[in-house]
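Please keep the sequence and the model in view while reading.

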Amino acid sequence: VSGLTAKYQRTDIPELETVARATLNTGFDSEVPIAVGDRKTFVNVSYADPEFLEVFALPFLAGNSRDALRAPRSAVIASSLATRLFGSVAEAVGRNLRLQDGREVTVRGVLGTLKQPSHLSTGADNKMGIVRFEALISMDVFEAEAASDPIRQRILENWSVPFFATYAVLPRDGSFTAADLRSRLAAFGPRHASYAGKPLQF
C-alpha cells in the first residue's frame with residue numbers, strides 16, 4: 001500500500017497497538033551500494049519504521065531486538081553481511097555503513113536466519129520474499145533522502161504508489177478485532193485516498 005496508509009491508520013484507528021511500515025522489493029532501489037572503508041558491495045535493502053521490530057520477533061544474534069531502529073540512521077543486518085563486511089557478528093554492532101550518497105548508518109543489530117516460508121527474507125534464505133533485506137535501515141534515512149529526491153518523495157506522498165507493506169497489531173485483549181478493523185477501513189479509503197479522482201478501497 002501507499003506509505004500514507006500507516007500515517008492515517010495511526011490517527012484514525014487509535015485502538016491498534018502498533019502500526020509499522022517496511023518497503024517492498026519492487027525492483028526500485030532494493031539493491032544499493034554500501035561501503036565500509038575501502039570495501040564496497042551491493043546489498044538488498046529495505047527501510048522500516050522502528051515499530052517493525054515490535055511487530056516481528058526477529059532472530060537477533062546481537063543488539064537490542066526491540067530498539068535497534070529507534071535511533072536515527074540505524075541499521076540491522078543479516079549475519080551473512082556482518083561476516084562479509086566485518087569478519088564476524090561480534091564485530092558488526094556499533095560499526096558504520098556508508099550509503100551511496102555518503103550518508104552513514106550505524107549497525108545496531110545482527111540477525112540470524114529467518115524461518116521460512118515467509119514473506120520476510122534476508123535474501124540468502126528466500127529470494128522470493130517481498131520484504132527482502134540484508135540490511136534493514138531505519139525509515140528516517142529514506143525520508144531524509146526523499147527531501148532531495150522527487151522519486152522517493154512521490155513514493156512517500158502518493159496514494160497510487162504501493163511501495164510499502166503496512167502492519168497493524170490488534171489488542172491482545174480482543175477489545176478491537178480483525179472484523180472491527182475491516183469495518184473501519186471501509187470508510188478509510190474514501191475519506192483519505194483517491195486515484196484519478198476516485199476514492200480508493202481498502
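Two rings of Phe, Tyr or Trp, the six-membered ring being taken for Trp, are said to pair if their centres lie within 6.5 Å. The structure, which is a predicted model, holds nine aromatic pairs of this kind. One of them is formed by Tyr 8 and Trp 159, with 5.9 Å from centre to centre and 25 degrees between the planes. Planes under 30 degrees apart count as stacked, and the pair of Tyr 8 and Trp 159 is accordingly described as stacked. Tyr 8 belongs to helix H1 (residues 4-12), whereas Trp 159 sits in the loop between helix H5 (150-157) and strand E11 (164-169), so the pair ties together parts that are 151 residues apart in sequence. Tyr 8 is partly exposed at 24% relative accessibility, while Trp 159 is buried at 13%. Elsewhere, ring pairs link Tyr 47, Phe 142, Phe 163 and Phe 164 into a cluster.

In H1, the buried residues are Leu 4, Thr 5, Ala 6 and Gln 9. These buried residues pack against strand E1, H5, E11 and helix H6 (178-192). In H5, the residues Arg 152, Ile 155 and Leu 156 are buried. Around the axis they cover an arc of only 95 degrees, and they therefore lie on the same side of H5. Pro 150 and Glu 157, on the other side of H5, are exposed. Which elements cover the buried residues of H5? The cover includes H1, strand E1 (18-23), helix H4 (139-146) and E11. At the N-terminal end, H5 is capped by Asp 149, which places a side-chain oxygen 2.9 Å from the backbone nitrogen of Ile 151.

Strand E1 contains Arg 21. Is Arg 21 buried or exposed? With a relative accessibility of 7%, Arg 21 counts as buried, because buried means under 20%. The side chain of Arg 21 makes a polar contact of 3.2 Å with that of Glu 143. When neighbours within four places in sequence are left aside, the residues in contact with Arg 21 include Ala 6, Tyr 47, Glu 143, Leu 156 and Phe 164.

The nonpolar residues come next. In soluble globular proteins, nonpolar side chains tend to be buried together. Here, the largest nonpolar core has 30 residues, of which Ile 77, Leu 97 and Ile 137 touch the most other members. At least two residues of this core come from each of strand E2 (31-36), strand E3 (39-48), strand E5 (74-78), helix H3 (79-86), strand E7 (104-111), strand E10 (135-138), H4 and H5. Apart from it lies another core, of 19 residues, including Ala 48, Phe 52, Leu 58 and Leu 69. Beyond its neighbours within four places in sequence, Ile 77 is in contact with residues including Ala 82, Phe 86, Leu 97, Val 107 and Ala 135.

E5 and E7 pair in the parallel sense over five bridges, and Ala 75 stands opposite Val 107 in E7. E5 is also joined to E10 by three bridges, and these two strands run antiparallel. Within E10, the residue opposite Ala 75 is Ile 137.

In the loop between strand E4 (60-63) and E5 lies Arg 73. Although Arg 73 is not a glycine, its phi is positive, at about 55 degrees. Arg 73 is partly exposed, with a relative accessible area of 44%. The loop between E7 and strand E8 (120-121) holds Pro 117, which is joined to Gln 116 by a cis peptide bond with omega of about 5 degrees. Finally, Arg 182 lies in helix H6 and counts as exposed at 59% relative accessibility. The C-alpha atoms of Arg 182 and Glu 91, which are 91 residues apart along the chain, are separated by 45 Å.

How values were computed. Residues numbered from 1 in each chain as written. Predicted model: local features only at pLDDT ≥ 70, side-chain atom pairs only at ≥ 80, totals over all residues. Heavy atoms only, no water. Phe/Tyr/Trp six-rings, centres within 6.5 Å; stacked < 30°, edge-to-face > 60°. Helix = DSSP H or I, 4+ residues; strand = E, 2+ residues; numbered from the N terminus. Buried < 20%, exposed > 50% of the residue type's maximum accessible area, 1.4 Å probe, protein only. Arc of directions from axis to C-beta. Contact = heavy atoms within 4.5 Å. Polar contact = N/O pair within 3.5 Å; in protein donor to acceptor, adjacent residues only side chain to side chain. Core = buried A, V, L, I, M, F, W, Y, C linked by side-chain atoms within 4.5 Å. Pairing = 2+ DSSP bridges.
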